[in-house]
Amino acid sequence: MKIALVQSALSWENPEKNRKKLGEKINAITESIDLIILPEMFTSGFTMQPNIVAETMQGETIIWLKQLAKDKNCAITGSLVISENGNFYNRLVFVFPTGEIQFYNKKHLFTLAGEDEVYTAGDKKLIVEYNGWKICPLICYDLRFPVFARNVEEYDVLLYVANWPKVRINAWDALLKARAIENMSYVVGVNRIGEDANKFEYNGHSQVVNFLGEYTLEPIETKGVFIVELNKAELLLARKKFSFLNDQDAFVLK
């Protein structure tokens, strides 16, 4: 599976400008791609004012994503602010080339920034089946909670989209490797760059780690679209040789 990691600065609380900027990057991709990955809250940056940027599942950004997925004949994923039934969600959408959408609402809300005060937490893990791969998409702060990410579904790719600041980037790098090793899965982390309105600096470090904790794509600090091919045969061979997942502890998540 060939994936494209889009590492970009984001315009603060400006969905239209972000769609234009990200659309130009996506449309510049000339090779065939299976999955394009955008950062967390890619239409707005990590805002605690959801009422300013919230959209519905029939809104402009969803329409835009569906058209892009159709035009590029690939899936696209990333998170944005969604308003639904009187609640705001930090929602990751996975848009298939057919226009079908599956979604995941961020479970672990970032209390340090007050995310839990304005957004509603999700409670369901999503496993996407796409082109013969099983993908588990999560969002930013979820990375710090390994129990929720535990690979009991035999997924192949664990995916994190983020607005993870430079000041804590060492934790991002370490935890992405840990999740790959403990789950014997590819781990893909897509972060933003630049500075937001709260003066937080982001230096990216988007990366891909393989099932043995080795870099398939080393952390990158520059803006751009980075294309990586994942090899499922190598993943399955490693799992057969090192059957660590067979020995994991059983548990029930409540």
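This is a predicted model: local features need pLDDT of at least 70, side-chain atom pairs count only at pLDDT 80 or more; totals for chains, interfaces and linings use all residues.
F94 is buried, with a relative accessible area of 0%, where buried means under 20% relative accessible area, exposed means over 50% and partly exposed lies in between, as found with a 1.4 Å probe on protein chains only. Residues are numbered from 1 along each chain as its sequence is written, and side-chain values use heavy atoms, with hydrogens and water left out.

The structure holds twelve aromatic pairs, a pair being counted when the rings of Phe, Tyr or Trp (its six-membered ring) have centres within 6.5 Å, with planes under 30 degrees apart called stacked, over 60 edge-to-face and the rest tilted. In one of them the rings of F94 and Y130 have centres 5.7 Å apart and planes at 70°, so this pair is edge-to-face. Because F94 lies in strand β4 (residues 87-95) and Y130 in strand β6 (residues 128-130), the pair ties together parts that are 36 residues apart in sequence; helices (H or I, at least four residues) and strands (E, at least two) are DSSP runs, numbered from the N terminus. Y130 is buried, at 6% relative accessibility.

Y186 and F211 form an aromatic pair that is also edge-to-face, at 5.2 Å centre to centre and with 80° between the planes. Here Y186 belongs to strand β9 (residues 186-190) and F211 to the loop between β12 (206-209) and β13 (215-220), so the pair ties together parts 25 residues apart in sequence. Y186 is buried with a relative accessible area of 3%, and F211 is buried with 6%. Elsewhere, ring pairs link F46, F110, Y141 and F145 into a cluster.

Leaving aside neighbours within four places in sequence, E129 is in contact with F96 and K134, contact meaning heavy atoms within 4.5 Å. The C-alpha atoms of E129 and W64, which are 65 residues apart along the chain, are separated by 22 Å.

L176, in helix α6 (residues 169-183), is buried at 0% relative accessibility. Not counting residues up to four places away in sequence, L176 touches L143, Y160, V187, G189 and Q207. L176 and Q207 are 31 residues apart in sequence and 8.7 Å apart in space, C-alpha to C-alpha.

Two residues stand out by their backbone angles. Most residues other than glycine have a negative phi. C140, however, has a phi near 40°, a positive value in a residue other than glycine, and is placed in the loop between β7 (133-139) and α5 (146-149). E154 has a positive phi of about 60° although it is not a glycine, and lies in the loop between α5 and β8 (157-161). C140 is buried, with a relative accessible area of 8%, whereas E154 counts as exposed at 56%.

The largest pocket has a volume of about 320 Å³ and a lining of 19 residues, of which F46, F110, A113, P165 and R168 lie nearest its centre. A pocket, on a 1 Å grid over the protein atoms alone, is an open set of points where a 1.4 Å probe fits, with protein on both sides within 12 Å along at least five of seven lines, and lining residues have an atom within 4 Å of a point; a volume is the space filled by probe spheres set on the points, which are joined across faces, edges and corners.
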